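Hello,

Here is the structure I said I would pass on. My notes on helix packing, sheets and hairpins follow it.

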Amino acid sequence: MADVDSGQYQLQARTAFPEGTTTATAFSAMVIQKTGGVPIQVNTDSDSETGMKLYIDGTLQDMTIYGNVSSTIAQESNVLVSRPSANEFKVYYSTGVSATAQVEQGMMSIVFSAPESFKGQTKGLLGVWDDDQANDFTMYDGTVLSSDSTERQIFDFGRSWQVLPVTSLFHYDAGQSVDTFQDDTFVPTFGDEVENADPVLLQQAQDKCGDNQECLYDVLQTGDVAVGEASLHQSTTIEDGSQKSSNYPPTVTGPAVLYAVYQETLQFSLTAEDRNGDSISFSISSPSTLAASVLSSSGNTATFSWQVDRREMFNLKILVTDAGGASALYWPTVYLCSCENGGSCATSGGAQSSSNNTRFVMQECTCAAGYTGSNCESDIDACAANYQPCYAGVRCIDLPAPANISGYQCDSCPTGYSGNGQRCSDVDECASGSSCAQLCVNFPGSYQCSCNAGYQLGNDGSSCDDVDECTPASDCDQVCNNNEGSYSCSCNSGFELGSDGKSCSPTDPCPEGDTGGCDVVNGWCLNNGGTKQCACKSGYALADDGVTCNDVNECQTGENNCNQNCGNTEGSYTCSCEAGYQLVDEHTCQDIDECNTGNYNCTGNTVCKNQPGSYSCECAAGLVLTDGECVDLPDDEKPVSVSTRTSSDQDLSNTVTFNCGMSLAQYTVTVDNAFSALLAAMATEHCTTNAVECGVITSDGSRRRRRSTPVTFSVLEVQRPSGYPSANNDSTIALAYYLLLPSGNTSIPGSELLAILQSNVSALEAVLGANISSIALLVPAEEEEPVAATGGNTVVIVVAVLVPLVLLAVAIAVAVYMYKKSRSQKVGLSSEDVRMEPMRKERVSTRAWGPLGKGGAAAKPPPTWAEQATVGIGSQPVRAPLPPVRAPTFVREGTQGSIATLPPVRDPTFVREGTHGSIANPAYQSTGELKGETEPKVNILQLLPSRLPAPPTESELYPKPPGTPEAPEEEASASLLETQEL
C-alpha cells in the first residue's frame, strides 16, 4: 500500500468482501513495519469488543489495555501506540511516520502520515508524494497511468502492487497463507460502468452522501445506506486525524527495564523531547496506587524515587504530555525481587513473563541454605521433604536453617528397640536376659513372661503361681486334687478311676438288668454294702427321689471355665465368645487382632489399630485428623506427637511439670521444637558448670562439688512423658519434661531441671508466648534426714543413742562404761561391714523382692534391716517387664507338648483350665493394649512402698559383750523410734 524511503517503512493492506456484496471489496487488515522493527498488524473482527484484533510481532495482544494516551510497546522502543477511540488504533514512529486504522460496519479505513522529510520518497497504492498528480498511478513495474484513467485501469494498477509470499508482513493463523486471501479471478463492479441503478436506492444514496463518490459507491454496491454513512464518517475522521497528526506526541527516554527490590528504594530518571518544541509535563498515570510525590520534574527531566513497599504486582506508568495535548506513556517492565532470609534474585529473567495487560515480572529467588518458598520465606522442613524418614512413630526433628534437606534428626528408637531412630530393630529381651521365672516370649519392642502348663503369671508380671485346676470346675468326673503345677482326679467311695485318669465307674455295679429304679442313662445303680444305691454321672445331680438324675446348669452354678459366654447343654456346657473374639480352646475367648489378620477396612492415610473386640482406623504417623481426613499439617499447626520413649521410674521421678497459659491447639510442633531447643541450650550451660550435680560425671568424694565439664544437650534429650501435654481447661495446659544425659538413657536429677526452669521463666515464656506457673516435680521428693558418705556411693546410717537414765549412783558408773564401749564399736563402720546398697527412690513394687513361692505359698517378704546387714542385698529389685507392642499368637508350653494361645488380660482373676491336665496360658494384655503406647496399668505411686523396712536395732548393729545387763524396754523403744525416720 505504501513503501517509504526504499523499504524503510512498509504499509500493507488486505481486502475482503463487506457484508451484503460480492462485487466490491473493503479493507479488512493493515500491517506496518519499520526496517529492523516488528510488524504491527490490525485486523477487523466482528466478534471482539473493539471490532479489531491486534498482533504485535505475530502475537495476539489485548487491545483494551491501550487508551487515548500514547504508550511504548515492549517489543520495540522507538514506536508509540494508542487507541484514540474504541474502534480506532494508531501507530507512531519517532521519525513522525504514523498509520491509523478505523473500523466501522466491518470495514476498515486506513490513514497514513509522514513528515515533509519523506516527500518524494513514497510509492505504492497511495501514489508518489511529490505534489505531481501525473505520476500518482505508477505501477510496480514503473509504468505510469494517466491521472484520468478509468476505474478498470486503476484496478489493474492496484493489482500490480499485490503482496507476494516473500514480501508479506502479515501474520497468518494456522492453515492460512497469502493464497488464502487472493482471488485472481475477481473483478469488481466499477462505479463508472454502473447502469440502471435502482432509482429509489440511488435517491437514498444521494440524500445521504451528497456528491461524495466513496459514499455513493458503497451504498450502490452493498444496497445498504448505513455502509455509505460509515464511509462518509470515516472521510471526516480522516481529515480530522490528518490535522492532529501534525502534533506528534513527546518522545520519552528512560530505562526499558527496572529492577525493584522489596523494602529498598527504586530510583531512576526520564527525559522527554517534543518535535514541535512544546513544553512537557510528567505525571503518574491513573489509576495508580503510587503517591504523586514519588515523581518530581524540572523542564524536560523527571526523577522517580520510591521505597518499594509491596510484594504483589504493580504497574508503573508515567504520562508525558505536551502543551498541544499530545501525550506519550512511559511504561517499563518491572522485575521485582522480594526474597527473604538472605535469598537473592537473578539479574535478569524471572518466574513469570509479563502478560498482555501488565509489564511486571516476579523474579525467582535463589534461597540461602535451609530456606525454601517463592520468597525464601520458609525454613525447609527436612522431615516432610524426606517423607517422614524416622522409624514409625519416632519423632522427626527438623533442624533450623542453614540446615538443608538433610537437616533432620530422629528421636531415640521406641522402648524395646535399638538403632539410630531412623532404623530401629527389635531388642530380644529374652535372649539378653529377662526377669521371667519360667518362659519368656519376645515381642517387637518388648517381651512377655509366660508360664509352663499348670502355672499362671503372677501379678508382678514375671513370677509364676500354681494354677488351681480344680476351681471353679474341672474335667474330673468326681474328685479333683490340685497339685503343684498340675492336678489329678480320684473317685468317691464305691467308684474306681478309669484308664483316662478322669472318669469314674462303680466298683460293684448292680447286676445287668437290675436297675434298682435308678436312671442308668445318666447315672448308675451300684451295690453299697448289699444295698442298691443310685449315683449320677458328671454333669448331673441326684434328685430328691434318690433315683432320678437331673441336668446341672453349670452356667448358673458357676461351675464352668468359660471366660465369656456360657451355654448349658444336657450333662455339660459349651463356651462361646462375644463379637470380635474367638475360642482358642474349649473355654477361653481371645481377642481377634483384625489388624494382623487383615480383616479390616481402613482407607486413605489411615492405619489399623486393634481394640478389644474390634479395631479402629487412625491416622498414620505424622498425619492429623482434620475434617474427617488425615492430612499433613505444617508444623505451626500440627499438634505434637506422642513420645515413643517409655519413661522409666527414674525418668518420672526426675520430671518437672508446670502449667502454661495456652490451649492444646496452640501447643504445636513448632512451639515444642522451639521450647525444646531453648531448654537444651539452658541445660548445656547449667550442666557444664554443675557437672556432678547433673550426673555428667561422678563425684570423686572430695568436698569440691562444682566441676566444669563440657556437655551439650540437644532437642533429642528433651523428653515428654506419656500423657503430656494435657488440657487443664480451654485456656491452660499442663506440660512435663525430663532431660536425658547425652551419654545414655539416664535422666538428670529433677532438682537440677527444676532449678533450670525456675531461673529462666521469662525466656521460656517468651518462646512459648504464654505465661508459666506452678513449676514443680511431677513426683514430689520425699524429705530425708542428712546422711553421711563413707565411700563412693555407700551410705552409713548414723544411729543416735540416748544416754540411759541414771537411776542409782552405782548404775551411773556402769552405764557410762557400757556407753563408751558401744561408741567404740561404731567407729570405722564401713560398707564392707554392712554391705548395703544405697537407697534410691525407685518406684518398684514391694512384692518385687523375689519370685513368689510355689504351691500357693506366700511370697517371701522384703528382707529386714537385720537380714540386709547380715547378708547384704544380693539382688536388685525385679522390675515388671514393659508391655509388649504386639500380642503373640502361640507360646510353647512344657506339659505334654501342648500349645495354647495366650488369653488377653481382661480379668486377671480368671483361672482357666485346659484339657488332659494342661492349663491354658496365663493372662497377658490385650493386643489393643499392647499396640497402644501406654504405661503398665499400675499407678506409679501405688508401686512405692508404703513404708521402708524397719531399720536395725542398736543391738543388731552393735552386739553387747557377754554379760552386759539388758536395758529397760522403755529405753530401747525410745531409741528405736528416734532412729527410724530417714
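**Helix packing**

Helix α2 (residues 199-209) packs against helix α3 (residues 213-222) at an angle of about 150 degrees, and their axes are 9 Å apart. Since angles over 145 degrees count as roughly antiparallel, α2 is roughly antiparallel to α3. The crossing in which α2 passes α3 is right-handed. On the α2 side the contact is made by L201, L202, A205, Q206 and C209, and on the α3 side by C215, L216, V219 and L220. Sorted by class, the residues of this contact are eight nonpolar, one polar and no charged. Please keep in mind throughout that this is a predicted model.

Helix α10 (residues 669-689) has two packing partners in these notes, α13 and α12.

With helix α13 (residues 761-768), the axis of α10 comes within 9 Å, and the two cross at roughly 155 degrees. The two helices, α10 and α13, are therefore roughly antiparallel to each other. Their crossing is right-handed. V671, A674, F675, L678 and M682 of α10 meet A763, L764, V767 and L768 of α13. The contact of α10 with α13 consists of nine nonpolar residues, with no polar and no charged ones.

With helix α12 (residues 750-758), the axis of α10 comes within 10 Å, and the crossing angle is roughly 110 degrees. That angle makes α10 roughly perpendicular to α12. Here too α10 passes in a right-handed crossing. The residues in contact are F675, L679, M682, A683 and H686 from α10, and E752, L753, I756 and L757 from α12. By class, the contact of α10 with α12 has seven nonpolar residues, one polar and one charged. F675 and M682 of α10 take part in the contact with α13 and also in the contact with α12.

**Sheets**

Strands of a sheet pair through backbone hydrogen bonds, in either the parallel or the antiparallel sense. There is an example of each below.

The parallel example is an open sheet of three strands in the order β14-β21-β23. Its edges are β14 (257-261) and β23 (360-362); each has a single partner strand, so one side of each is left without a neighbour in the sheet. From one strand to the next, the twist averages 20 degrees. Strand β21 (residues 333-337) pairs with β23 in the parallel sense over three bridges. Y335 has V361 in β23 as its bridge partner.

The antiparallel example is an open sheet of four strands, ordered β13-β15-β18-β17. At its edges stand β13 (251-253) and β17 (295-298), each with a single partner strand, so one side of each has no neighbour in the sheet. Direction ignored, neighbouring strands of this sheet are turned by 20 degrees against each other on average. Strand β15 (residues 265-273) and strand β18 (residues 301-307) run antiparallel and are joined by seven bridges.

**Two hairpins**

Strand β35 (residues 479-483) and strand β36 (residues 486-490) run antiparallel, joined by five bridges. V479 has S490 in β36 as its bridge partner. This hairpin has two residues between the strands, and G485 takes a positive phi near 80 degrees.

Further along, strand β47 (residues 606-611) pairs with β48 in the antiparallel sense over six bridges. Q611 stands opposite S614 in β48. The hairpin of β47 and β48 also has two residues between the strands, and in it G613 takes a positive phi near 80 degrees.

Which residues does S616 touch, leaving aside its neighbours within four places in sequence? S616 itself lies in strand β48 (residues 614-619). With those neighbours set aside, S616 is in contact with C602, V607, C608, K609 and Q611. Its side chain and that of Q611 are joined by a polar contact of 3.1 Å.

Regards

Technical notes. Residues are numbered from 1 along each chain as its sequence is written. This is a predicted model: local features need pLDDT of at least 70, side-chain atom pairs count only at pLDDT 80 or more; totals for chains, interfaces and linings use all residues. Side-chain values use heavy atoms; hydrogens and water are left out. Axes are lines fitted to C-alpha atoms, for helices over the stretch in contact, and angles run from 0 to 180 degrees between N-to-C directions. Angles under 35 degrees count as roughly parallel, over 145 as roughly antiparallel, 65 to 115 as roughly perpendicular and the rest as oblique. A crossing is left-handed if the near helix is turned anticlockwise from the far one by less than a right angle, and right-handed if clockwise. Contact means heavy atoms within 4.5 Å. Ala, Val, Leu, Ile, Met, Phe, Trp, Tyr, Cys and Pro count as nonpolar, Asp, Glu, Lys and Arg as charged, and the others, Gly among them, as polar. Two strands pair if DSSP finds at least two bridges between them. A polar contact is a pair of N or O atoms within 3.5 Å; within protein, one must be able to donate a hydrogen and the other to accept it, and residues adjacent in sequence count only if both atoms are side-chain atoms.
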